[in-house]
Amino acid sequence: MQGGVASRPGMSITALLGRRFDMPTINLGFSGNALMHPEIAELMTELEASVYVVDSSPNMNPQQISERAEPFVRILREARPDTAILLVEDRRYGDGQFVQFRRDRNAQNAAALHAAYMNLRTSGVKHLSYLKADRLPQAEELVDGSHPSDLGMVTYANAYEKVLRPILNNR
């Protein structure tokens, strides 16, 4: 997960969540290169995780999400049938309320990811959760209209925690 504009390492989303859950977290943020490549899913399966959080949509376009999300999750699921997977929608651009292109991109990315999620659920994929963008940071919590400030990191961590706590408590 992106953490490049946190004021210090302890304010990144994964650091905040690690402290809240009192467990180690591994951040495989790829600085704009998290594109749900199958090779990354295969590498991720080498980690014995309690949950995999897939938050790649901000780096992708709707076509990429449509093509890659389902295969990515299926690779994780095949190797780790009981490990929870959380798919996270694209955050909303801070200027999206004013710029139609940004609004459209967010809506199309969300639609593509949600369609993949529904297809996966319908096909019987278990232990799969979904986090909608309306719980993620808003304009005033984004440094440049895209990347979360410290306040945005806390908002992200709050949203993740709300979904992850029940998952982790049942493990």
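1. Strands β2 (residues 84–88) and β3 run parallel and are joined by 4 bridges. Within β3, Leu-131 is the residue opposite Val-88. Note that the model is predicted.

2. The sheet is open and has 3 strands. Their order is β1-β2-β3, and the pairing is parallel. The edges are taken by β1 (51–54) and β3. Each of these has a single partner strand, so one side of each lacks a neighbour in the sheet. On average, neighbouring strands are turned by 20° against each other, direction ignored.

3. Helix α3 (residues 62–79) packs on this sheet. The helix touches β1, β2 and β3. The direction of α3 makes about 165° with that of β2.

4. Helix α4 lies across β2 and β3. The angle between α4 and β3 is about 160°.

5. Check the backbone at Asp-22. Phi there is near 55°, a positive value in a residue that is not glycine. Asp-22 sits in the loop between α1 (13–21) and α2 (38–44). With a relative accessible area of 71%, Asp-22 is exposed.

6. Is His-127 exposed, partly exposed or buried? The relative accessible area is 36%, so His-127 counts as partly exposed.

Technical notes:
Residues are numbered from 1 along each chain as its sequence is written. This is a predicted model: local features need pLDDT of at least 70, side-chain atom pairs count only at pLDDT 80 or more; totals for chains, interfaces and linings use all residues. Side-chain values use heavy atoms; hydrogens and water are left out. Helices (H or I, at least four residues) and strands (E, at least two) are DSSP runs, numbered from the N terminus. Buried means under 20% relative accessible area, exposed over 50%, partly exposed in between (1.4 Å probe, protein chains only). Two strands pair if DSSP finds at least two bridges between them. Axes are lines fitted to C-alpha atoms, for helices over the stretch in contact, and angles run from 0 to 180 degrees between N-to-C directions. Contact means heavy atoms within 4.5 Å.
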